[in-house]
Amino acid sequence: MSTDLADRVETYLRGALERPELQVTGLRRVFGGFSRHTYIVEVDEGPALVARLDPEVSLLESNRTVEFGLYRAMADVAGVPVPVAVLDEDDPGPLGRPFFLMHRVPGTASQEQLLPSPHRDDIGRQAIDILGRIATCDWHKLGVGDLLTEPAEPWRAELDKWEQVVDTHQLGPMPVTRAVLRWLRRNPPPPPRRIALVHGDYRTENFLFDGPQVTAVLDWEMAHLGDPLEDLSWWMLDNWRYDRERPGLIGAFFPREEFVAHWERASGLTADEAALRWWTLLSHVKANAIWITAGHRFALGETGDLAMPVIPWVYVNQQEAWMLAELVAAGGAPAPAAAGATT
């Protein structure tokens, strides 16, 4: 346990919660994820807490206060489990960085525990149901409109955003990503039936489960308003198909057709195939934009975290291979010639 940080957390909590006798009995870092630094804080009375500290350098730029506000807003949505948001602190003084605190929720997000679980299908169905509720929640009534801006054209807003990230952080040739960006702009999807709250990073490993129960949806830092198909397509990426023996299972749960059909029943929305393909290609671009951001920040010396250069080294070319297959399926590029073929 970091004694210095634990002491600082204890001092802060005693004042903020008006509990002068409160004692922090344990503190440990939870590794994984790059948007914020996460710590589990055990206290002598009451539920354990999770502290989410702004990092010096992040894979993504995000607004901590918006994320905190979304945890509070979504607590009012039946069937969407989220941790209780406790405190949001802008002052970096108490812990060295701005942070927010929320209750710890039992459960794990580990794929190693998910894959052999006898409850895997139940967990998958619940997680899809929850995504359907997020897509159809009344975000106006929840006050989300005070936190997020409603885009006039969701596809253009997201395409502009991620193309700019690629422009800013590209360190080497990305021919497929560039080809896909051109195709996406020339072939916009139809407008969504409704502007929805989009989690932005909804996928296996960003929700907790405990036995057969999904207990919490986490990591709302990329949430925005837009097309609900964006969340569906992001979860469908090859990146999160953790079952290597059955790689066709979306998110390690169900085959594509079954997965999409369940989402349609849960949301009451229709996943137009052409629109879903557009958003899937955009999701690949978004993934590569995130990966190259990591490498760019390492190259500039903004961070010494060795994970940062490894991420693009491992993923960018693989992402382009997946992207090319999607582009060909969309009719945006000729199918590659088979090895040994002659013309």
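Trainee: Which residue forms a salt bridge with Asp243?
Mentor: Arg246 does, and the closest N and O atoms of the two are 3.3 Å apart. Keep in mind that this is a predicted model.

Trainee: Is Asp243 buried or exposed?
Mentor: Asp243 is buried, with a relative accessible area of 7%. Arg246 counts as partly exposed, at 45%.

Trainee: How many salt bridges does the count come to?
Mentor: The count comes to 25 salt bridges. Side chains of opposite charge can pair when their charged atoms come close.

Trainee: What about Glu10, what does its side chain meet in a salt bridge?
Mentor: The side chain of Arg14, at 3.4 Å from N to O. Glu10 and Arg14 are four residues apart in helix 1, residues 3–16, so about one helical turn separates them.

Trainee: Why does that spacing matter for direction?
Mentor: An α-helix has 3.6 residues a turn, so residues three or four places apart point the same way. As for accessibility, Glu10 is buried at 16%, while Arg14 is partly exposed at 31%.

Trainee: Which residues are linked in a network of salt bridges?
Mentor: The network links Arg36, Arg52, Asp54, Arg64, Glu67, Asp88, Asp90, Asp219 and Glu221.

Trainee: Back to helix 1. What is Leu5 in contact with, leaving aside its neighbours within four places in sequence?
Mentor: Leu27, Tyr39 and Leu95. Leu5 is in helix 1 and is buried, with a relative accessible area of 11%.

Trainee: How many residues apart in sequence are Leu5 and Leu95?
Mentor: They are 90 residues apart in sequence, yet their C-alpha atoms are 6.8 Å apart in space.

Trainee: New topic, helix 5. How far apart are its end C-alpha atoms?
Mentor: 23 Å. Helix 5 has 16 residues, 154–169, and at 1.5 Å a residue it should span 22 Å, so the two values agree.

Trainee: Which residues of helix 5 are buried?
Mentor: Pro154, Trp155, Glu158, Leu159, Trp162, Val165, Val166 and His169. They cover an arc of only 130° around the axis, which puts them on the same side of helix 5.

Trainee: And what covers them?
Mentor: The cover includes helix 6 (175–186), strand 9 (224–226), helix 7 (229–235) and helix 9 (273–299).

Trainee: Glu158 is on that buried list. Which side chain does it meet in a salt bridge?
Mentor: That of Lys161, at 3.3 Å from N to O. Glu158 has a relative accessible area of 7% and is buried, whereas Lys161 is partly exposed at 33%.

Trainee: On to the rings. How many aromatic pairs are there?
Mentor: The count comes to 14 aromatic pairs. In one of them, the rings of Trp235 and Phe259 have their centres 4.9 Å apart and their planes at 80°, so that pair is edge-to-face. The pair links distant parts of the chain, with Trp235 in helix 7 and Phe259 in helix 8 (residues 256–267), 24 residues apart.

Trainee: Are those two buried or exposed?
Mentor: Both Trp235 and Phe259 are buried. They also belong to a cluster of ring pairs with Tyr202, Phe207, Phe253 and Phe254.

Trainee: Last one: what sits over the ring of Trp240?
Mentor: The charged end of Arg203, 4.2 Å from the ring centre. Lys286 lies over the face of Trp234, at 4.4 Å from the ring centre.

Key: Residues numbered from 1 in each chain as written. Predicted model: local features only at pLDDT ≥ 70, side-chain atom pairs only at ≥ 80, totals over all residues. Heavy atoms only, no water. Helix = DSSP H or I, 4+ residues; strand = E, 2+ residues; numbered from the N terminus. Expected span 1.5 Å × (residues − 1). Buried < 20%, exposed > 50% of the residue type's maximum accessible area, 1.4 Å probe, protein only. Arc of directions from axis to C-beta. Contact = heavy atoms within 4.5 Å. Salt bridge = Lys/Arg side-chain N within 4 Å of Asp/Glu carboxyl O. Phe/Tyr/Trp six-rings, centres within 6.5 Å; stacked < 30°, edge-to-face > 60°. Lys NZ or Arg CZ within 6 Å of the ring centre and 35° of its normal.
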